[in-house]
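Morning, everyone. Please look at the model on the screen while I talk.

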Amino acid sequence: MTNEKNMKKIAAEHAAKYVQDGMRIGLGTGSTAYYAILKIGEMVRGGLNIQAVATSEASERLAVEQGISLTPVQHMDRLDLTIDGADELDDRLRLIKGGGGALLREKITAYQSDRLVIVADEVKQVTQLGAFPLPVEIVPFAYEWTVQSLARLGCSVQIRRNLSEGFYVTDNGNYIADCKFQLITHPEELSMRLGSIPGVVEHGLFIGMADQAIIGCQDGTVRILHSGSSETKNIFDS
């Protein structure tokens, strides 16, 4: 049996095989994207030539440590490929993201990418979204009112805190409200309602954005899901 760490590593290293010389790449954030950055760094040190942007300050630091040169976003138009993780995904490749606190930069980067490939371990694949609390990035001003508005959508809301018990602050200077819905029965409708609340900067529902998901499984195989199709295939990582 493959443990969770190895499942993440298998998925991430398989996704890194899609990176080709000359590509413009988006580097995701989180525990699975971490392994993708490590593998891409190894490829760069082996002679791969790419341009890259990162979705968080943490991923920027890791990329630089791995020898990946980062390009200022204003010097790039579109990205060829972004590899990122997810906290939950369903069979239609609807995602919950933002557990690492980088959902705004992740969504901006995904939107500018010709292809978004999600990497995850099989625990993250669910039949229905919502068990993982939905992260929502909100502005600090009058955050109490924004929390009230979020709670009226039928969830319990907690402002994320850091280890020192202060409020967690994103790379963009905002707060994260973690919204517990238990089950999200209509993600598209919820996405629109969240976007209409003043004070909400962005939310962690990524709908219609992912093109492919690569899922590392306990038996050592990789399960691949494609957007717009329930078809999957399992292959052994090599």
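The structure holds four aromatic pairs. By pair I mean rings of Phe, Tyr or Trp (its six-membered ring) with centres within 6.5 Å; planes under 30 degrees apart are stacked, over 60 edge-to-face, and the rest tilted. Take Tyr 34 and Tyr 35, one of these pairs. Their ring centres sit 5.2 Å apart, the planes stand at 85°, and the pair is edge-to-face.

A quick word on what you are looking at. This is a predicted model, where local features need pLDDT of at least 70, side-chain atom pairs count only at pLDDT 80 or more, and totals for chains, interfaces and linings use all residues. Residues are numbered from 1 along each chain as its sequence is written, and side-chain values use heavy atoms, with hydrogens and water left out.

Back to that pair. Is Tyr 35 buried or exposed? Tyr 35 is buried, because its relative accessibility is 12%. Tyr 34 has 36%, so Tyr 34 is partly exposed. The cut-offs: buried is under 20% relative accessible area, exposed is over 50%, and partly exposed lies in between, with a 1.4 Å probe and protein chains only.

Next pair: Tyr 143 with Tyr 175. This one is edge-to-face too, at 5.5 Å centre to centre and 80° between the planes. Which parts of the chain does the pair link? Tyr 143 is in helix α5 (residues 143-151), Tyr 175 is in strand β9 (residues 175-180), and 32 residues separate them. Helices and strands here are DSSP runs, numbered from the N terminus: H or I with at least four residues for helices, E with at least two for strands. Tyr 175 is buried, because its relative accessibility is 16%.

Leaving out residues up to four places away in sequence, Tyr 143 touches Ile 138, Ile 159, Phe 167 and Tyr 175. Touching, or contact, means heavy atoms within 4.5 Å. Val 200 is 57 residues from Tyr 143 in sequence, yet their C-alpha atoms are 9.2 Å apart.

Now two helices. The axes of α1 (residues 4-16) and α2 (residues 33-45) come within 8 Å and cross at roughly 45°. Axes are lines fitted to C-alpha atoms, for helices over the stretch in contact, with angles from 0 to 180 degrees between N-to-C directions. That angle makes α1 and α2 oblique to each other. For reference, under 35 degrees is roughly parallel, over 145 roughly antiparallel, 65 to 115 roughly perpendicular, and the rest oblique.

Who meets whom? From α1 come Lys 5, Lys 8, Lys 9, Ala 12, Glu 13 and Ala 16; from α2 come Tyr 35, Ala 36, Lys 39, Ile 40 and Met 43. So Tyr 35, from our opening pair, turns up in this contact as well.

Lys 8 also leads us elsewhere. Lys 124 touches Lys 8, along with Ala 86, Asp 87, Glu 88 and Leu 89, again not counting residues up to four places away in sequence. Lys 124 lies in the loop between β6 (116-121) and β7 (134-138). Is Lys 124 buried or exposed? Buried, because its relative accessible area is 16%.

Leu 93 is not a glycine, but its phi is positive, about 60°. Gln 182 has a positive phi too, near 70°. Leu 93 is in the loop between β4 (88-89) and β5 (95-96). Gln 182 is in the loop between β9 and α6 (187-195). Leu 93 is buried at 1% relative accessibility, whereas Gln 182 is exposed at 54%.
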